[in-house]
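Look at the sequence and the model together before reading on. The paragraphs below go through a few features in turn.

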Amino acid sequence: MSEIADKVKKIVVEHLGVEESKVTPEASFIDDLGADSLDTVELVMAFEEAFSVEIPEDAAEKIATVKDAIDYIEKQKAA
Amino acid sequence: MFRLDGKTALVTGASGGIGAAIARTLHGQGATVVLSGTRQAVLDSVAARIAPDGARVHVCPADLSDPAAADALVAAAEAAAGAPLDILVNNAGLTRDGLAIRMKDEDWNRVIEVDLAAPFRLCRAALKGMLRRRSGRIVSIASIVGVTGNAGQANYSAAKAGMIGMSKSLAQEAGSRGVTVNVVAPGFIQTAMTDVLGEAQREKLLAGIPLGRMGQPDDIAAAVTYLVSGEAGWITGTTLNVNGGMAMP
């Protein structure tokens, strides 16, 4: 797993208080990890801070799973 | 009841009559208070009156007409107190009165900026930590004119009504995390701002107040203390009208 993926996972575990084993790439923040809409906003803000990226609102709306977050951040970092 | 031991509170506009009373009362209930305002010397003397030994009182000057200063104030207050913020009291405000047909954009904008945009920025900054910690209290000091309107105060009443609407929205956003957001809307309070009224004006005013007297800063401080206390944990999005019965919206 990439460094970014590790860090995303860690943030999700920390923020949502879920077990690490549940944070699979396919896991949906809302459907699988028990997040509500406020949690997802907080997660996006945590990603922004941790990776020094800006995630605009329309992109943030599309981040539904752990993989979505990793992919988006990897793309930003590669750009 | 209503003890605030171990809590940290930021009070803006703490150099004014109402703000100083709020800070003193919260401190008296056991809270650590951070006083903000534009006038450092006045804040220092308010702080010295609250706690001559300096215990649990800090001063953090900020000019809230500067967006960057408003954005930075919560972090500065937390650094000064050495603890995360549990309580935010948006009390700072100013007036630039005039009838609408002669009101300059500058007077409109300045009041909206300081009385509405700055409280929003402070709420935004404070909420980030409060939501994460699953607790917090925000109380904003509006005004009766935000509910009733007042000739000559289109800007001020718009800002205060805006504050009430904003607080209701924030209450809905923050409710699931146990954070409450409320408003206290004072009526006519005896302060330097109202001391300039003439005798005739005062008589007329009092005739409209069922409780027959001007309010005191402590009347407002008591309402704030209640709303920021643990006991008020099931009250959010409300506006507490503290006006001697002058308006009963």
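This is a predicted model: local features need pLDDT of at least 70, side-chain atom pairs count only at pLDDT 80 or more; totals for chains, interfaces and linings use all residues.

Residues are numbered from 1 along each chain as its sequence is written, chains are lettered from A and ligands numbered from 1 in the order in which they are written, and side-chain values use heavy atoms, with hydrogens and water left out.

Begin with chain B as a whole. Its secondary structure comes to nine helices and seven strands; helices (H or I, at least four residues) and strands (E, at least two) are DSSP runs numbered from the N terminus. The C-alpha trace of chain B spans about 50 × 35 × 35 Å along its principal axes. A compact globule of 249 residues would have a radius of gyration near 18 Å, and the 17 Å of chain B agrees with that. This radius is taken over C-alpha atoms, and the globule rule is 2.2 Å times the number of residues to the power 0.38. Of the 249 residues of chain B, 49% count as buried, where buried means under 20% relative accessible area, exposed means over 50%, and partly exposed lies in between (1.4 Å probe, protein chains only). Among the contacts in chain B with a separation of 6 or more, 73% come from residues 24 or more positions apart; contact means heavy atoms within 4.5 Å.

Next comes helix packing. Two packed helices are described by the angle between their axes and the distance between the axes. In chain B, helix α1 (residues 17–28) packs against helix α9 (residues 217–228) at an angle of about 50 degrees, with the axes 8 Å apart. Axes are lines fitted to C-alpha atoms, for helices over the stretch in contact, and angles run from 0 to 180 degrees between N-to-C directions. α1(B) and α9(B) are therefore oblique to each other: angles under 35 degrees count as roughly parallel, over 145 as roughly antiparallel, 65 to 115 as roughly perpendicular, and the rest as oblique. Residues making this contact include B:I18, B:A21 and B:I22 of α1(B) and B:I220, B:A221 and B:V224 of α9(B).

Leaving aside residues up to four places away in sequence, B:Q29 touches B:M1, B:F2, B:R3, B:L4, B:D5 and B:T225. B:T225 also belongs to the α9(B) side of the helix contact.

Most residues other than glycine have a negative phi. B:F2 is not a glycine, yet has a positive phi of about 65 degrees. B:F2 counts as partly exposed because its relative accessibility is 26%. B:R56 also has a positive phi, near 60 degrees, and sits in the loop between α2 (40–50) and β3 (57–59) of chain B. With a relative accessible area of 35%, B:R56 is partly exposed.

Finally, turn to chain A. Here helix α1 (residues 3–16) and helix α2 (residues 37–51) pack at an angle of about 140 degrees, with their axes 10 Å apart. That angle makes α1(A) oblique to α2(A).
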